[in-house]
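Please read the points below with the sequence and the model side by side. Each one takes up a topic and can be checked on the screen.

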Amino acid sequence: MKLTIIGTGYVGLVTGTCFAEVGHQVICVDKDPEKIKLLLEGGMPIYEPGLDELVRKNVNAGRLQFTTSTGEGVERSDIIFIAVPTPPQPDGSVDLSFIETVSREIASSMTAYKIIVDKSTVPVKTGEKVAETINRYCKAKVDFDVVSNPEFLREGFAVGDFMKPDRVVVGVASQRPVQAMKDVYTPYNAPIVVTDINSAELIKHAANSFLALKISYINAVSVLCELSGANVQEVAAGMGMDTRIGRQFLDASLGFGGSCFPKDLSAFIKISEQLGYEFGLLKEVQKINATQMDRFVKKISETMWVLKGKKLGILGLAFKQNTDDVRMSPAIELCQRLQQEGVILRVHDPRAMDKAKAVLTDVTYVSDMNEVAEGCDALVIATEWPEFKQLDLERARKNLTHPILFDGRNLFNVDEMEKLGFLYKSIGRGQGA
Ligand code: UGA
């Protein structure tokens, strides 16, 4: 099928590439000429495991093309996917100006029937607005259908998530675009859930907010574990074996971050408010997440007593493993809060140091994780990169002025760390953990 994707960010580029991978003919459009130039030269604007190879493979096979022209993209395809950013506004609501601009651009280029699919995360009822806008700006007055097809990709696992989705959600206002959408997704062998547009839009916000709730729930339980002497990992394992609950997203941490959960949670609260419902449960989810960071900072400051002038090594800057993304990263927030207390930082991340440099200054960036601890008073793990489990602990212990390790991601075993001589403080594992 001939498909156009507008926006080559994390979502758009993965979507376009994974469509090409199953044989569709894909054009990716981005208004940023630098990005398109980079992609045409074989470069990658983002780090996403497995994506660069897949882009190269599909470009070489002639199935994946790049352009800055929305008109060309609209002209040459039957289905146009919108995958542009929907950033948060200061009051928590969503800025839909990119969606509106792209809708107008599509409308003014349309000369025949098109299916316009929204992939970006948007508030319920956005599809109605997109249809209204296209109607208003389409001079050719041709037929079209608007479809909501939210994405459920996790950064760092996006290619795998796209190729093997749990489900594909397709929200439609009529039956006309349904078969074409099924044809697009049939190669992925996933259940296709067809709903009305408003429900599809709600599914996305409701799903992300539920996952955020699940993390905040286990984080709240981790506080009880610290107060009672229980171990949150054992509690999560026991809870997760109930298939109605499931073990995923029950990893206690210093809080969730990223460009999705914090933003989508605020947006969902705002959307509810605008619809006349106060979603108090989700406000509590936000509060628990903020408290989790406060508790971790307090744990560090109480152990170190005076923070001013102390030198700390930080492992991890990305908002989670397998990504170079530092947007709303708990690790960056932690660094900034420690800096405010006068702490001197040596930091490392396997992938995110370049992006972190734009937001985190006055720190020493260290390229080897085993050198971070040198001359530090304590070491802190802030991101759940699996490679941190291979840290040379013996060397870290010797390099630190005092063998203190704060683990915001519970990567190590408490007993083993104590045997190695560390004062080891993690999340929700025993009293005074
Ligand atoms: C999230 C959703 O998982 C995707 O399904 C969705 O498509 C995406 O948002 C989106 O809306 O675009 P993502 O933000 O990439 O994906 O990352 P997650 O893997 O969900 O992690 C989010 C945050 O929660 C990270 O900071 C992570 O470290 C934290 N987390 C995750 C925990 O603290 N504990 C857990 O058990 C799981």
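**Notes on the predicted model**

1. Asn410 lies in the loop that connects β13 (404-407) with α16 (414-419), where helices (H or I, at least four residues) and strands (E, at least two) are DSSP runs, numbered from the N terminus. The phi angle of Asn410 is near 50°, a positive value in a residue other than glycine. Asn410 counts as buried, because its relative accessibility is 7% and buried means under 20% relative accessible area, exposed over 50%, and partly exposed in between (1.4 Å probe, protein chains only).

2. A word on how to read these notes: this is a predicted model, in which local features need pLDDT of at least 70 and side-chain atom pairs count only at pLDDT 80 or more, while totals for chains, interfaces and linings use all residues. Residues are numbered from 1 along each chain as its sequence is written, and side-chain values use heavy atoms, with hydrogens and water left out.

3. For the protein as a whole, the secondary structure comes to 16 helices and 14 strands. The C-alpha trace spans about 70 × 50 × 40 Å along its principal axes. The radius of gyration of the protein is 23 Å, which agrees with the value near 22 Å that a compact globule of 433 residues would have; this radius is taken over C-alpha atoms, and the globule rule is 2.2 Å times the number of residues to the power 0.38.

4. Of the 433 residues in the protein, 53% are buried. If we take contact to mean heavy atoms within 4.5 Å, then among the contacts with a separation of 6 or more, 72% are between residues 24 or more positions apart.

5. The accessible surface of the protein comes to about 19,200 Å², and carbon and sulfur atoms hold 52% of it; such areas come from the Shrake-Rupley method with a 1.4 Å probe, and for residues only the protein chains shown count as cover.

6. In what order do the six strands of the open sheet stand? The order is β11-β10-β9-β12-β13-β14, and the pairing is parallel, two strands being paired if DSSP finds at least two bridges between them. β11 (364-365) and β14 (423-425) are at the edges with a single partner strand each, so one side of each is left without a neighbour in the sheet.

7. Strand β10 (residues 344-348) pairs with β11 in the parallel sense over two bridges, and Val347 stands opposite Tyr365 in β11. Strand β9 (residues 311-315) also runs parallel to β10, to which five bridges join it, and the bridge partner of Leu315 is His348 in β10. Because four of its five residues are buried, β10 is largely enclosed by the rest of the structure.

8. Is Trp305 buried or exposed? Trp305 is exposed, since its relative accessible area is 75%, and this residue is found in the loop between α12 (280-304) and β9. Although Trp305 is not a glycine, its phi is positive, at about 65°.

9. Thr8 sits in the loop between β1 (2-6) and α1 (10-21), and with a relative accessible area of 0% it is buried. If neighbours within four places in sequence are left aside, Thr8 is in contact with Leu13, Cys28, Val29, Asp30, Lys35 and Leu39. The C-alpha atoms of Thr8 and Ile36 are 8.6 Å apart in space, while the two residues are 28 residues apart in sequence.

10. Arg327, in the loop between β9 and α13 (330-340), counts as partly exposed at 40% relative accessibility. Not counting residues up to four places away in sequence, Arg327 touches Tyr10, Glu155, Gly258, Ser259 and Phe319.

11. Gly430 belongs to the segment after β14 and is buried, with a relative accessible area of 14%. Apart from neighbours within four places in sequence, Gly430 is in contact with Cys225, Glu226, Gly229 and Ala230.
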